[in-house]
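Dear colleague,

I am passing on the structure below, followed by some notes on what was found in it. Please read the notes with the structure open beside you.

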Amino acid sequence: MLQMLMDTRLDETQQDYVRTARESGKALVSLINDVLDQAKIESGKLELEEVSFDLRAVIDDVLSMFLGKSQDKKVELAVYVSSKVPATLVGDPGRFRQIVTNLVGNSIKFTDKGHIFVTVHLVEEASETEFERDESLSGLPVVDRRRSWSKFRSFNQESPATSSSSSDQINIMVSVEDTGQGIPTEAHSSVFNPFMQVGPSITRTHGGTGIGLSISQCLVHLMKGEIGLASSPHIGSTFTFTAVFSNINGQQQVNGSISSSEFQGMRALLVDPKKVRAKVSKYHIERLGIHVEVVPDLSLGLINTPTVNMVFIEEEIWDCKNLGNPKMLILSNSCSSDSARSPFVITKPLRASKLAASLQRAMGVSSGGNNLSREIHALSLRNLLHGRKILVVDDNPVNLRVAAGALKKYGADVVHAERGAKAITLLTPPHLFDACFMDIQMPEMDGFEATERIRKIELGIKKGIEDGELSAEAYGNVSNWHVPILAMTADVIQATNEACARSGMDGYVSKPFEAVQLYREVSRVFQTMSDESH
């Protein structure tokens, strides 16, 4: 509701008041969710789901959440995932995301310069030298990350948990390194205690409840892992945790690249004198199937590697005289780079989807039939939602108004229903609805049951038409009815992907509503519908 109020005509003072109220509300909801999580963990009622997921995509999503804050602080945010980590794992992606989000969120909060660097490896790679110990992503000094896992039991005894060589178990290790304020040695033993912070000044300066790390520790233990830290005041901190996942079909899929990329087989030159940063940039570019040659100097690189399609160069070492072929692409930590004098700017943190979109604009590559390209060239939200008929089902009139207002803002035709039974009536084919937002917890019939009944009706119609018992004309000449249904819930634990899938839902959005999330889910659903119709 506050977001809707901000979209009306308000003077500067009123805007400030509403913005403050909105941020206070977000902080309160975050606190409530943390307390609920802690209570469920302590009561032993929290269970992890087992679904297949793309670890690299989850990490990319987490970094996207902190893009604005890292750019505002001019802190470099980056991720590197070892090529030995399988492309698909089986476990609880929501809880894995929650742990990484808590750790990166803390780093963002306490880091004002330098970098935040997320790395993912298999446990057995811990002893291997992945990055130079005398260098860092930003060049600033960092703590020895090995100290963050030095007390892990799995590293100090012969145990099956130390290896991921088993065909059905993958033991991964995630580290979040920052160059922030650091934590005094005497406070290390208490940072994982609930509601504990290093000192009262931390709460006054940065806010927070001190419960995020406690929840993360509990979730790590549920994933049969361990968590630890290494930190020094005025240098920074590194938090490391391990987690055990299942390997999909027992196969060692270790290809993290996007095989359908239209850039497959192209050659690129990466100019960066910093070895760690260059390795990270190379990792992201190679995910698109591009062969990358790293050099510390541009002129030297062009002499030794003359046949390249593109050149990536760090903004700090780029000279505006270096224009022309091949295509020059500037890697920048700031979205305010002077594009008028630079050939083309790609803003960090690098992520596969964003990098592909930037390269398509820069290179003028045709999208062809690539799913990723279709996402990149998706219509604007207004064009996407304009004229769409959407059903919102919720027994709470306030939630109905908020969801309807958010969707109507972009031209959607919204219809309300307050009960699951009414939703079944409205969504029984034939109908004209393009999508439905369904509350989970409603009296008489919850959203899961209502969705299951709708899916049974749709399948019954399909079978009847296929068997010749029903006329396709009576159902708009559509035999495969499937209206997209998205769950709406304040209980994110209950509304897992697995639970939604079991009932036939296509996803979920959390309450209170965030307009960006609503629009993102609707866009995803309509894009899927468009893909399936082709």
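**A loop residue and a sheet**

Glu 125 lies in the loop that runs between β4 (115-122) and β5 (169-178), where strands (E, at least two residues) and helices (H or I, at least four residues) are DSSP runs numbered from the N terminus. This is a predicted model, in which local features need pLDDT of at least 70 and side-chain atom pairs count only at pLDDT 80 or more, while totals for chains, interfaces and linings use all residues. Residues are numbered from 1 along each chain as its sequence is written, and side-chain values use heavy atoms, with hydrogens and water left out.

Glu 125 has 5% relative accessibility and therefore counts as buried (under 20% relative accessible area, with exposed over 50% and partly exposed in between, for a 1.4 Å probe and protein chains only). Its C-alpha atom is separated by 9.3 Å from that of Ile 172, which is 47 residues away along the chain.

Elsewhere, 5 strands form an open sheet with parallel pairing, in the order β9-β8-β10-β11-β12 (two strands pair if DSSP finds at least two bridges between them). Because β9 (291-295) and β12 (345-347) each have a single partner strand, they stand at the edges, and one side of each is left without a neighbour in the sheet. Strand β8 (residues 267-271) runs parallel to β9 and is joined to β9 by 5 bridges, with Leu 269 standing opposite Glu 293 in β9.
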